[in-house]
Amino acid sequence: MLKRKIYDRLLDWKSKKSRECLLVRGARQIGKTFIIEEFGKKQYKSYVYLNFYRNPEHKQIFQGSLEAEEIYKKISLYVKNVRFSEKETLIFLDEIQDCPNARTALKFLAIDDRYDVIASGSMLGLHYKEMASIPVGYERTMEMHSLDFEEFLWAVGWQPCAVEALRNFFEKREKVEAGIHERFMALLREYLVVGGMPEVVNTFLKTNNYQEAHTTQKKIMESYGEDIKHYASTASRQKISDCYLSIPRQLAKEYTKFQYKVVSKEGNARRYENCLNWLVDAGMIRLCLNVSTPQFPLVAYERPDQFKAYVTDIGLLTSLYGYDTQTALLKDTLTGPAKGGIYENLVFDMLTKKGYGLNYYKNDKNTQEIEFLLVRDGAVIPVEVKSKRGATVSLNHFIEEFAPPYAYKLTSGNLGVNDTKITLPLYMAMFL
């Protein structure tokens, strides 16, 4: 079983909740169902599972009255060998986006409070208009992702104490021993290729074969295509797919801002904007917006028409470039703008999985670009990403102009500190 950080968060919810259900959100196939099932079976005397996508008949439970007592009665009709034990039963409502009435019913189940309820969904943003009522105040939302780099390290055999030893270098701002540094850079390149989708990681662990992992990634991409067919309107399906498949080309440009003309020659915001929103709502991509000035609060200076788009699992992104590209990444022989874009997506992936909301900064003169801006204690911190060692002209200008308390340069090189500029190995993005 893959060790996942969200398990501890589920335990924390169980111990502290008061008349609230839990809604776990995230893209398909990131392990939501598996981890919640494990949690239900280990932490409760009885566990009740409803899946509205796989078993459409379960929707009948939420037709008519949504009073808690009526729902429990109907569950006993549709689920074999169901047992309820007050305060010791978990009801898991999976793929809840396919049953809007069940989402509405969370309020009444929370008020009743006899049993714990967790709901999960991967397309919730696409179905909000169908909800008769969102259970505000009775629903806690928890975001889940594919495995982050630290979880990947645990999966491939590194103990948490080893990761903590590496963290010690970061906290003390000390150079990492050369052998250790090279080993973790190799592991990071492995993560670039395998990514964090649980099925892919498990395939890699069982076979120790990158080609098998790539085959599993292609299978997941095919299932994403089926999701587009299932949930998107007929008129939008091809355009949504075209937007998603354009991202490797978007990130291979010198300036990785998303451009509709890269999707198609006649591309424009009017034609494709809703398609991008669909992909965001499905959890397949995330957007990173430019700001007119890098000042707190960043949201006040966002430019909605200037953004970058990143795939939410780095392994799925590299699989879109093909197995030959993945091989070159593993060997560290890839060159050109595509490599820089891939490492941008990697760092974005690592930071968003830590909960950061990110922006980027490119000035109007096109003379300065900072890959990411993050906020700490009301201060804007620049993060520059370099897939290899090199000068940081933009970051140096940023420091001179805006005087941040400190700035990060993420690179393939080792750790170093020069006044307010902190140079970190790329793998240490997991510690920011």
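Begin by selecting asparagine 290 together with tyrosine 360, which is its bridge partner in strand E8; bear in mind as you look that this is a predicted model. Now widen the selection to strand E6, residues 285-291, and strand E8, residues 359-362, and you will have two strands that pair in the parallel sense over 2 bridges. Strands of a sheet pair through backbone hydrogen bonds, either parallel or antiparallel.

Next, bring in the rest of the sheet, an open one of 8 strands whose order is E7-E6-E8-E9-E10-E11-E13-E12 and whose pairing is mixed. At the edges you will find strand E7 (302-311) and strand E12 (416-418), each of which pairs on one side only. If you look from strand to strand, neighbours in this sheet are turned by 30° against each other on average, with direction ignored.

With the sheet still displayed, select helix H16, residues 393-402, which lies across E8, E9, E10, E11 and E13 and runs at about 50° to E9.

Which residues have the most contacts inside the largest nonpolar core? They are Ile118, Phe149 and Trp278, in a core of 104 residues. Helix H7, residues 178-194, gives the most to this core, with 8 residues. Select phenylalanine 149 and look beyond its neighbours within four places in sequence: it is in contact with Phe184, Leu187, Leu188, Tyr191, Met350, Tyr427 and Met430.

How values were computed
Residues are numbered from 1 along each chain as its sequence is written. This is a predicted model: local features need pLDDT of at least 70, side-chain atom pairs count only at pLDDT 80 or more; totals for chains, interfaces and linings use all residues. Side-chain values use heavy atoms; hydrogens and water are left out. Two strands pair if DSSP finds at least two bridges between them. Helices (H or I, at least four residues) and strands (E, at least two) are DSSP runs, numbered from the N terminus. Axes are lines fitted to C-alpha atoms, for helices over the stretch in contact, and angles run from 0 to 180 degrees between N-to-C directions. Contact means heavy atoms within 4.5 Å. A nonpolar core is a set of buried Ala, Val, Leu, Ile, Met, Phe, Trp, Tyr and Cys residues joined through side-chain atoms within 4.5 Å. Buried means under 20% relative accessible area, exposed over 50%, partly exposed in between (1.4 Å probe, protein chains only).
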